[in-house]
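Reader: I'm new to this one. Could you walk me through it, one question at a time?

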Amino acid sequence: MKVWGTLILSVTSVVCWSQNLVPNAGFEQFYKCPGSYNYATNGKLAPGWFSPSAGTPDLFNRCSIGAAGVPENWAGRSNTYAGVGYAGIYMFIAGRENPYREYLQAELLEPLKKGETYLVEFYFRLSSNSKYSIDRIGFLLSDSAYRIQGDGVFPKKSTFEKINYSFNSNRVTASNWVRFAYSHIAIGGEKYLTIGNFSDDHDTRRYLIASSQSTEPMLSRAAYFFIDEVKVIQTSPPPAPAPPILSGYTEVNPDNDYVLKNVQFKFNEYVLLEESFSELDK
């Protein structure tokens, strides 16, 4: 049986965002609802997130009825940027012989593809009980995870560091959520994302916030930041798929008539046989 039909091709250009490669991007998931400071020495913070050093990042969530709640907690007062949770890290502490840093590290859902462009994005906010502000925050994309023994400055240089030299020292306070965004062209194989302050105390500009009401001992000497909604998303378009080829035709054009040669029906019925589907899908 020959079946005649008119093939109408409709080509639609669709711009779509790829999936976020960061697990637990908003720190919504937890091993246990946080009640206070994080004392974990094994590096685990939350599903998908861990500390690459001896520093102990903290988790805050609306589930908490203790000092790690949202919006009120030991580090100050802040609503989430989105969802019900966020993380917190020390990025500077004054008066120490050796710098103290905390970092957040996550394993991406898949390695980055060489030559492709990715948006690295997250939101950060100075905690309202911080006694200091600093001028920088950065991230590292690496092909390996890190587990360093100390709690000092990360031993590897950041992929990118956002530095704001123009802050007004008379107006430095806990601000609203600030967007960090960077377009990264992948070397290929990057699998881990690390966030924090990658500069030593000599290079980190800081300013004492006289109006801070901090009473927590470390915060009274520190710049402590909340982090929320972390994303790594491929933004370069994927390669165009090869156009489907109808049997017997090397090229098809809109509004032309074509003979579909592999469309078969059950004997004496109008029910299509399974081997017809691939041709009709094309």
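What follows is a chat about the fold, its sheets, its cores and a few individual residues.

Reader: Let's start simple. How many helices and strands does the protein have?
Author: Keep in mind that this is a predicted model. The chain has 282 residues, and 44% of them count as buried. Its secondary structure comes to 1 helix and 17 strands.

Reader: What share of the contacts with a separation of 6 or more comes from residues 24 or more positions apart?
Author: Take A223 as one example of such a pairing across the sequence: A223 and M91 are 132 residues apart along the chain, yet their C-alpha atoms are 5.8 Å apart in space. Over the protein, among contacts with a separation of 6 or more, the share from residues 24 or more positions apart is 79%.

Reader: F50 stands opposite which residue in strand 8?
Author: F50 belongs to strand 3, which covers residues 49-50, and strand 3 runs antiparallel to strand 8. The residue opposite F50 in strand 8 is Q105.

Reader: And what is the bridge partner of A106 in strand 14?
Author: Strand 8 and strand 14 are antiparallel and joined by 4 bridges. In strand 14, A106 has as its bridge partner L193.

Reader: Which residue in strand 16 is the bridge partner of A87?
Author: Strand 7 and strand 16 run antiparallel, with 6 bridges between them. Across that pairing, the partner of A87 in strand 16 is I227.

Reader: Which residues have the most contacts inside the largest nonpolar core?
Author: Nonpolar side chains in soluble globular proteins tend to be buried together. Here the largest nonpolar core has 37 residues. Strands that each supply at least two of its residues include strand 7 (85-93), strand 9 (117-126) and strand 16 (222-234). The residues with the most contacts inside this core are W49, L193, I195, I227, V230 and V232.

Reader: How many residues are in the other core?
Author: This other core lies apart from the largest one, and its members include F60, A68, Y100 and Y224. Its count is 15 residues.

Reader: Is A223 buried or exposed?
Author: A223 lies in strand 16. Setting aside neighbours within four places in sequence, A223 is in contact with residues including I89, M91, L126 and Y132. Its relative accessibility is 0%, and buried means under 20%, so A223 counts as buried.

Reader: What about R136: which residue's backbone oxygen does its side chain reach at 2.8 Å?
Author: R136 is found in strand 11 (residues 136-142), and at 7% relative accessibility it counts as buried. Its side chain makes a polar contact of 3.1 Å with the side chain of S199. The backbone oxygen reached at 2.8 Å belongs to D203.

Reader: Where is the cis peptide bond?
Author: Look at the loop between strand 4 and strand 5 (72-73), where P71 is found. Omega is about 10° for this bond, and the residues joined are V70 and P71.

Reader: Last one: what is the phi of F27?
Author: F27 lies in the loop between strand 1 and strand 2, and F27 is buried, with a relative accessible area of 0%. N24 is found in that loop as well, with a positive phi near 50°. F27 isn't a glycine, but it has a positive phi of about 55°.

How values were computed: Residues are numbered from 1 along each chain as its sequence is written. This is a predicted model: local features need pLDDT of at least 70, side-chain atom pairs count only at pLDDT 80 or more; totals for chains, interfaces and linings use all residues. Side-chain values use heavy atoms; hydrogens and water are left out. Buried means under 20% relative accessible area, exposed over 50%, partly exposed in between (1.4 Å probe, protein chains only). A polar contact is a pair of N or O atoms within 3.5 Å; within protein, one must be able to donate a hydrogen and the other to accept it, and residues adjacent in sequence count only if both atoms are side-chain atoms. A nonpolar core is a set of buried Ala, Val, Leu, Ile, Met, Phe, Trp, Tyr and Cys residues joined through side-chain atoms within 4.5 Å. Two strands pair if DSSP finds at least two bridges between them. Contact means heavy atoms within 4.5 Å.
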